[in-house]
Amino acid sequence: MEFKSLLTIKNLHVSIDLGHTVVKAVDGANIDIRENEILGLIGESGSGKSVLGLAILKLLPPNATVDGEVWFDGANLVESSEEEMRRIRGKEIAWIPQDPATSLNPVLKVGFQISEPMVLHTTLDKEQVRQKTISLLDFFDIQPPERRAEEYPYQYSGGMRQRALIAMGTSTNPKLLIADEPTKGVDTPRKAQVAAMFRRIKRENPGLSILLITHDLRFAQALCDRIAVMYCAQIIEVTPAQTFFEAPLHPYSEALLEALPSRGLKQIPGDMPSMITPPGGCRFHPRCRYARPECRHYEPPFSVIDGTLVRCWRYA
Ligand code: SF4
């Protein structure tokens, strides 16, 4: 089947200068997000997933340096001006932050905040914006929508704040939605509701692509078409979701799945290495049951095996 790429990341590096040291948070990422897909970017906390997402939209703090290419709609976003990025953010690509508690402005009514991207990026008049805001609140089950539009974030529950942020993100019908850890702090029964909400968003916006940044494998399994695995700042496997959950190739992917309660709750030995001084060779080698001498000294190349991109000496 032919796939069309919506956004292409080429050799992306992100370094964060902490003053006394530099953290390489993304090290040579290459990946594309296809039209109309849900791509899951998974890995343990601290692997660089959120930094990669923030780099796409140039939302990183000033002490971050980004090198490489992010191609979207014929432009390399890494080279784009702040003015161009302001046009793209919220209109073409929407970012759903991971912390609903601090991401809404506490002194502005929620309805006003949801309507803002439409005022900035669409030709809808005042009444049309008001109507769409109410229908978005209704769509995301924030009831009763007319009253809730006039309330402030402190009057919302955590779940409602999260849904309001997603309503804001989808209000301008973006081409790409980047959702950063949407199940963070969400209890297990409510995760199914969040997954159902994303399915509804996809149903209502058939052309939409979603980059789902998550460490929650079950949530990713419920939604994603493809999975990209990140470990210690590097992408190490990209594969169809079904392949990932049935027969992943990379030993780290295998270990992640074995750590699931339904698959034996087997802990991955050791800890995620430091991104300041990552191990030489394959970064996973201190924790890998298949490590061999070359793994300790040489970075593994990428191999393509039956449509799976994998970075491991076992397949080179
Ligand atoms: Fe394990 Fe070696 Fe593969 Fe790294 S390259 S995952 S250490 S087998």
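In the predicted model, contacts between the two domains involve 22 residues of domain 1 and 12 residues of domain 2. About 1400 Å² is buried between domain 1 and domain 2, and 52% of this area lies on carbon and sulfur atoms. On the side of domain 1, K91, M197 and R200 account for 33% of the area buried against domain 2, more than any other three residues. The centres of the two domains, taken over C-alpha atoms, are 26 Å apart. According to the domain assignment, domain 1 consists of residues 5-92, 175-272 and 301-311, while domain 2 covers residues 98-173.

An open sheet is formed by 4 strands with antiparallel pairing, arranged in the order β2-β1-β4-β5. Strands β2 (22-34) and β5 (75-76) are the edge strands, each pairing on one side only. Strand β1, residues 5-17, and strand β4, residues 64-72, run antiparallel and are joined by 8 bridges. Within this part of the sheet, T8 is placed opposite W71 of β4. Strands of a sheet pair through backbone hydrogen bonds, in either a parallel or an antiparallel manner. Helix α1, residues 49-56, lies across β1, β2 and β4. The direction of helix α1 is at about 115° to β1.

The structure contains 0 disulfides. Two cysteines were examined for burial. C288 counts as buried because its relative accessibility of 18% falls under the 20% cut-off. C312 is also buried, with a relative accessible area of 8%.

Methods
Residues are numbered from 1 along each chain as its sequence is written. This is a predicted model: local features need pLDDT of at least 70, side-chain atom pairs count only at pLDDT 80 or more; totals for chains, interfaces and linings use all residues. Side-chain values use heavy atoms; hydrogens and water are left out. A disulfide is a pair of cysteine sulfur atoms within 2.5 Å. Buried means under 20% relative accessible area, exposed over 50%, partly exposed in between (1.4 Å probe, protein chains only). Two strands pair if DSSP finds at least two bridges between them. Helices (H or I, at least four residues) and strands (E, at least two) are DSSP runs, numbered from the N terminus. Contact means heavy atoms within 4.5 Å. Axes are lines fitted to C-alpha atoms, for helices over the stretch in contact, and angles run from 0 to 180 degrees between N-to-C directions. Domain bounds come from an automatic or database domain assignment. Buried area is the accessible area (1.4 Å probe) that two parts lose on being put together, summed over both.
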